[in-house]
Amino acid sequence: MSRLWAERLTALGMIVFAVIFLVQSIKFPFTSGTFPMFTEYVIILLAVVMIVRSFFTKDKRFEGDVRFDFSYMGMKPILVMIVTVFYAYAVFRIGFYVTSVVFFFLVTFMTGYRNVKVMSTVAAVLFPLMYVFFTILLDADLPEGFLI
Amino acid sequence: MEAFNYLGDVVSLANLGAMMIGIVVGLIIGAIPGLGPPMAIALMIPISFTWEPQTALIMMVSTYAAGLYGGSFTAILLRAPGTSASAATAIEGFEMTKRGKAIEAIRMGTFASVMGGLISGLVLLFLAPPLATVSLLFGPAEYFLVAILGLTAIAAVSFGALLRGLAAGMLGLFIATVGVDNMTAYPRFTYGMTGLLSGVGILPTVIGLFAFAQAITLCEGSPHTNISGKSKLSWNIWPKISEIVHCRWSLVRGWVTGLVMGIIPAAGGSVAQWIAYSWEIQRGKPGDQFGRGEIKAVAATEASNNGVTGTSLIPMFVLGIPGGISAAVILGALMIHGLQPGDTLFRKTPEIIYTVMWGFVLANILMGGVAGLMARSLAYCTLVPRGVLAPIIMIFCVVGTFTASGNPYDVAIMVVMGVIGYFAQKYNFSPAGILLGVILGPIAEQGFRNMLVITDGDIVPFLAGRPVSIIIIVMIVGALYFALRPKKWETAEEEYSGAASESFSEKHDEYAEVKDD
């Protein structure tokens, strides 16, 4: 896809986003909707300017194509995001320390790092230190589940 | 000059010991994303409950100064700001780290922060009562205008993608409207989720947009390389005279911004850093490299956020009006020790208040030494392989966010903001713009609506009769003019546009070295 079309699609996405929330903001009682509506109108305005500009611009930044990398290397950040969403959920179900140790090894493996000795050493130092600092020294509440 | 009578009182073993504890705890807690100065100060209250009031308060103000600076360590080294006041430093500081200049960024940040805190402390000591009256001149109109002044920084931090930067800022302002409306109690965009009723906090936003998004970025590419691309770190942790001379005006601009913004309740370091950063970009010279690791920007942002520390305590000590969360916690501690803020504090217990103020000044000096050594040790994390560092940052993001609020929804918000921040960074939508919107949105909205109520919709004559408002409006117009005008350093950059960016980077380094010499 060309960069110009990517710009236009991005602008269209912004308009759709703003319109969805604008419809809701209009229904807010009293003056509650005024400020959100202002932001939504400005987003729509900016998107329209982006679209109009895309037809006249000679800016070199819009030359060439946008390429999507669907290989494992290209998708790695997305996969890590998905794993993190599960992690953020699991810490409150299973417990912080157990989930975090599993998450640490899993994400490190996902990035392509394979030195198990280094990973184990880091985990063996990091998590006891976190326990001492957060649980003993700060007496902080950490996410809890059915395990620690 | 009554203050000088109490200078000797601060130099006691108990006071110095308390100061050191405050500095070390503040630096460590401040460096961890999520655990900012308010938490560190709150931690000190039960410990110091039975101590002499001045000793306890010296420990707290030391923690405050050090905590705010500690946030810059991780901002510079990992793009994971420990506090929201270090977010602007994260942009340029981390770019310097990527170019193998972490130690240079840290030593300039340390100098700017220490001197900023010191100057701010001296202003607190000698000018507190007259300056406190200035903060009373700020009403809803001025809060609204200060927020608008802060928002002009979006134009500067967009780095050439102005439309996308503005859209990011608007998204931030929109996100700030989520939650219960303070004026009508109507829940906006909460969809029945109780966790969203209190809105989207600044802390999960800053951690998500910067730290978490950075951790995801670290997952790209080879997991065996490190951030800085170096295998050794310099021990040269003290700033060179040539570096200070090179950044002298940036430092002055940062300190002035910090001192002024500190006096305004609710503004603080989170706003001051962006105004200082934007000012710096507008004043850039040919050869400057904003957005790709400019030491002048690190100097200005760090000077501003620590320049705030002393002056932000002025309204609290003199009027009993805390300018921010940290000042509110210190106010609580003050009252726990049986002291009343205001005129009585200065008349009846001058030996306590002036000793605490001297303690704050001395703490900033001591902080320089401790911070330099601690930052040097922390800089080792830039040598850790990216594949190992990324999950560690993510784990700290989760634990930091949860520890700060105890709200699982904040962890979810942080992750969502991290995903937004990652894509915003990748597609030039300025995460800094989103953060600015989230920080300034509530101030702008509430100020504007309060102003409408007070004036019954007749805003212009109201503003025209308020000198402070007029001054801020002139500043906004000036900021917009300079933000939209082509900048000297950008023009110089275009001259190099045919060459690769690396080549420009080399040219800049040569230029900087020549200037240093």
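This is a predicted model: local features need pLDDT of at least 70, side-chain atom pairs count only at pLDDT 80 or more; totals for chains, interfaces and linings use all residues.
Q: Which residues have the most contacts inside the largest nonpolar core?
A: They are M60(B), V61(B), F212(B), Y277(B), I330(B), I393(B) and C397(B), and that core has 199 residues. A nonpolar core is a set of buried Ala, Val, Leu, Ile, Met, Phe, Trp, Tyr and Cys residues joined through C-beta atoms within 7 Å. Buried means 20 or more other C-beta atoms within 10 Å of a residue's own; exposed means 12 or fewer, and partly exposed is in between, with C-beta atoms placed from the backbone.

Q: Which helix gives the largest share of the core?
A: Helix α3 (residues 53-78) of chain B, with 16 residues. Helices (H or I, at least four residues) and strands (E, at least two) are DSSP runs, numbered from the N terminus.

Q: How many residues of α3(B) are buried?
A: 26 of its 26, so α3(B) is mostly covered. After α3(B) comes R79(B), with a positive phi near 60°.

Q: What span should α3(B) have?
A: Its 26 residues should span 38 Å at 1.5 Å a residue, and its end C-alpha atoms are 38 Å apart, which agrees. The expected span is 1.5 Å times one less than the number of residues.

Q: What covers the buried residues of α1(B)?
A: The cover includes α2 (37-47), α3 and α17 (350-378) of chain B. Among the buried residues of α1(B) are N15(B), M19(B), I23(B) and L27(B).

Q: Where do the chains meet? What does each one supply?
A: The contact takes 39 residues from chain B and 45 from chain A. On the side of chain B that touches chain A, α18(B) gives the largest share, 11 residues.

Q: What classes are on that side of chain B?
A: It has 28 nonpolar, six polar and five charged residues. Ala, Val, Leu, Ile, Met, Phe, Trp, Tyr, Cys and Pro count as nonpolar, Asp, Glu, Lys and Arg as charged, and the others, Gly among them, as polar.

Q: Now chain A. How many helices and strands?
A: Five helices and zero strands. Buried residues make up 23% of its 148 residues.

Q: What is its radius of gyration?
A: Chain A has 23 Å, but a compact globule of 148 residues would be near 15 Å. The radius is taken over C-alpha atoms, and the globule rule is 2.2 Å times the number of residues to the power 0.38. The C-alpha atoms fill a box of roughly 60 × 50 × 25 Å along the principal axes.

Q: Where is R8(A)?
A: R8(A) lies in helix α1 (residues 3-26) of chain A.

Q: Why does R8(A) count as partly exposed?
A: Because R8(A) has 17 C-beta neighbours inside 10 Å.

Q: And what is R8(A) in contact with?
A: With I51(A) and S54(A), leaving aside neighbours within four places in sequence. R8(A) and M50(A) are 42 residues apart in sequence and 7.1 Å apart in space, C-alpha to C-alpha.

Terms used: Residues are numbered from 1 along each chain as its sequence is written. Chains are lettered from A and ligands numbered from 1 in the order in which they are written. Two residues are in contact if their C-beta atoms, placed from the backbone, lie within 7 Å.
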